[in-house]
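Biologist: I'd like to learn how to read a few features off a model. Could you walk me through one?

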Amino acid sequence: MSGTPAFSVTRIASGTSASSITPSISVTQDALANYEHITPAATLNFFQFHDIKCYILQAVKQTNETKVCGVKEGNDHKYDSEDIYFAYCYHPIDLHRIKENDNVLYFNDFVKQSYVPRSGTEILDRQIVDNLSKQDIVKMRPVQIAAFQAIFFQISESQKRPSDFLGVSVTGSGKTHAFLVPLVQKCLNHCKESSINVRLTPSVLIFAHTTTLVESIYQKTLELVKDTGLIVRLIAGKTQFIPDTYFHIGICCIGRFGNHLYPGLPGVKIDLSGLKYVVIDEADKMVSLDEFTSLYQKLKEKADFATLLFSATNNSSVKSLLDADNHYTFYYGTPNTVATSIKQKFWHVNSRSFSKVFGALLDEPSVTLWEKDELPHPFDAIYCLLDRDIKKNKSDKRIVIFVKRTALADFIALRLTLYGIPTVSVHSGQRLENRQRFLKYFTDGEVQVMVATNLLTRGTDIQVDYVINYDIPLVYSEFIHRCGRTGRNQQNGVAITCVDFNNHEDYNPEVLQQIVDKEKKLPTFMAKFAENADKLRKLGMEGNENAVRKH
Ligand SMILES: Nc1ncnc2c1ncn2[C@@H]1O[C@H](COP(=O)(O)OP(=O)(O)OP(=O)(O)O)[C@@H](O)[C@H]1O
């Protein structure tokens with residue numbers, strides 16, 4: 001390692017001076033090899049300082065020593081005390097900062113003081129900031145600062161249209177308001193600038209992949225636009241067609257919106273001449289849907305708009321939607337990993353064993369004890385937890401159990417209810433009204449346990465204490481999003497994952513492999529799997545190399 005710098009790290013966020021960051025260590029270049037995860041150009045990385053995982057903010061190469069400064073991982077993130085990468089077309093730039101010696105930005109810092117703004121930071125109408133504070137949204141979160149900056153403080157005046165934006169930020173970090181706040185303000189500005197006689201056409205379209213998520217964004221938008229006069233239209237759900245297209249912001253599902261776009265379909269066609277912004281929430285999921293990519297192409301043929309992409313997970317197809325010459329990218333936290341606010345636990349189960357819980361409809365169902373070395377069925381393991389926490393200890397914890405199949409979701413919910421733990425199931429096999437009703441029972445706290453399928457994996461914003469993965473999803477990104485239903489909004493959460501190594505159908509070995517690759521604190525049974533998998537991987541690599549040499 002000596003001779004060349006071991007790595008180069010740029011501290012991108014502004015605000016904190018390197019000396020004020022703790023812990024800070026000085027190590028020789030060779031000794032760096034002993035520290036985990038320090039890799040060249042590790043802008044998004046962290047190191048291990050004793051037991052503390054620290055995010056790297058700055059590394060300074062001295063003569064033959066390298067000084068590494070970082071911050072302890074935690075939930076109380078300040079916008080410049082976390083690993084933040086914010087760039088304009090790949091060139092790092094500082095996040096906006098209006099106050100010296102204060103790292104916290106408030107929405108109120110940008111409020112307009114008079115009808116004619118006197119400074120460049122007077123951006124937000126008072127009504128928006130008031131509507132936000134009614135929901136306890138006062139301080140800006142990192143992704144919100146970044147989107148705000150990208151939308152309001154363009155770095156080049158010569159850009160012919162607003163910049164595209166990609167925001168990759170951990171689950172529950174406030175991405176919805178990151179696009180809603182600036183775009184609602186943009187619509188208000190547009191209204192003030194437009195002549196009263198101009199026909200109203202949408203300026204903003206927001207897309208997401210499920211009706212449940214679209215409706216949740218719609219509700220958040222309604223709260224934000226209260227008393228502003230802006231018209232928001234839901235293009236999803238029960239109503240096949242919207243009656244007219246006079247609105248400012250449309251919140252849309254792909255299919256319903258298509259009715260108003262493609263010729264030959266009966267819906268009134270939406271006038272896209274004033275369209276300025278298209279938001280794609282859960283972008284990595286959306287770009288994987290052919291129906292959406294063709295709709296997006298059609299939109300691009302009809303209007304010149306900026307595309308704002310958001311997700312907690314990312315892939316290369318997402319980046320292909322960005323204008324290569326005019327875009328911002330923002331990364332917060334280690335991409336494609338479970339949020340650090342979530343403590344992960346794993347349970348070794350045997351999904352082929354017989355259940356040992358008996359006595360449905362009895363006051364006190366019985367559980368036969370397991371033999372030594374016998375693994376419990378996942379249902380039994382979950383029942384025992386709920387029995388202890390909810391029935392016996394009467395805790396008010398709220399728990400979501402994820403499964404892949406809708407029939408299994410119904411079965412688990414019914415069984416738990418029969419065993420005295422009221423539970424709802426929510427999935428796409430239900431009629432929309434029923435699904436909304438069951439979800440409401442859970443959000444209102446009438447039941448504490450919900451069994452859900454992939455329908456609720458992404459975007460659902462409900463206060464949840466535990467997520468339990470009864471099985472494992474088919475792709476790793478869905479695992480991240482499932483876990484991300486807890487530990488949101490700077491709270492801690494717990495995600496418990498059932499693991500059965502002998503049932504490849506429900507516990508996909510590839511996803512398990514990715515889980516053990518990312519998670520450092522593993523129970524013994526998982527650590528053994530990781531070790532074996534690692535050996536197999538090395539053998540595979542050697543095999544490939546030998547095959548290449550032979551040719
Ligand atoms: N600045 C803020 N201050 C306080 N609360 C906030 C702030 N911004 C957002 N929130 C709240 O944090 C919660 C999570 O936000 P949101 O649903 O937007 O997360 P997300 O990043 O989109 O998550 P996911 O990736 O899971 O969809 C919401 O309840 C929201 O109201």
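Modeller: Let's go through a helix, the cysteines and the salt bridges in turn. Keep in mind that this is a predicted model.

Biologist: Let's start with the helix. What should the 19 residues of α3 span, and how far apart are its end C-alpha atoms?

Modeller: You count 1.5 Å a residue, so helix α3, residues 175-193, should span 27 Å. Its end C-alpha atoms are 28 Å apart, which agrees.

Biologist: Is α3 enclosed by the rest of the structure, or exposed?

Modeller: Look at how many of its residues are buried, meaning under 20% relative accessible area. For α3 that is 14 of the 19, so the helix is largely enclosed by the rest of the structure.

Biologist: On to the cysteines. How many disulfides does the count come to?

Modeller: A disulfide is a covalent bond between the sulfur atoms of two cysteines. Here the count comes to zero. Take Cys252: the nearest cysteine sulfur belongs to Cys253 and is 8.3 Å away, whereas a disulfide needs the pair within 2.5 Å.

Biologist: And are Cys252 and Cys89 buried or exposed?

Modeller: Cys252 is buried, with a relative accessible area of 0%. Cys89 is buried too, at 13%.

Biologist: Now the charged pairs. How many salt bridges does the structure hold?

Modeller: Side chains of opposite charge can pair when their charged atoms come close. The structure holds 22 salt bridges. One of them joins Asp323 and Arg161, with the closest N and O atoms 3.4 Å apart.

Biologist: Which parts does the pair of Asp323 and Arg161 tie together?

Modeller: Asp323 lies in the loop between α8 and β13, and Arg161 in the loop between α2 and β7, so the pair ties together parts that are 162 residues apart in sequence. Asp323 is partly exposed at 23%, while Arg161 is buried at 12%.

Biologist: What about Lys356 and Glu374?

Modeller: Their closest N and O atoms are 3.1 Å apart. Lys356 sits in the loop between β14 and β15, and Glu374 in the loop between β16 and α9, so the bridge links parts 18 residues apart in sequence. Lys356 counts as buried at 15%, and Glu374 is partly exposed at 29%.

Biologist: And where do Asp471 and Arg482 lie?

Modeller: These two side chains meet in a salt bridge of 3.1 Å, N to O. Asp471 is in the loop between β20 and α12, and Arg482 in helix α12, so the pair ties together parts eleven residues apart in sequence. Both Asp471 and Arg482 are buried.

Biologist: Which residues do salt bridges with shared partners join into one network?

Modeller: That network is made up of Arg161, Asp164, Asp304 and Asp323.

Note on methods
Residues are numbered from 1 along each chain as its sequence is written. This is a predicted model: local features need pLDDT of at least 70, side-chain atom pairs count only at pLDDT 80 or more; totals for chains, interfaces and linings use all residues. Side-chain values use heavy atoms; hydrogens and water are left out. Helices (H or I, at least four residues) and strands (E, at least two) are DSSP runs, numbered from the N terminus. The expected span of a helix is 1.5 Å times one less than its number of residues. Buried means under 20% relative accessible area, exposed over 50%, partly exposed in between (1.4 Å probe, protein chains only). A salt bridge is a side-chain nitrogen of Lys or Arg within 4 Å of a carboxyl oxygen of Asp or Glu.
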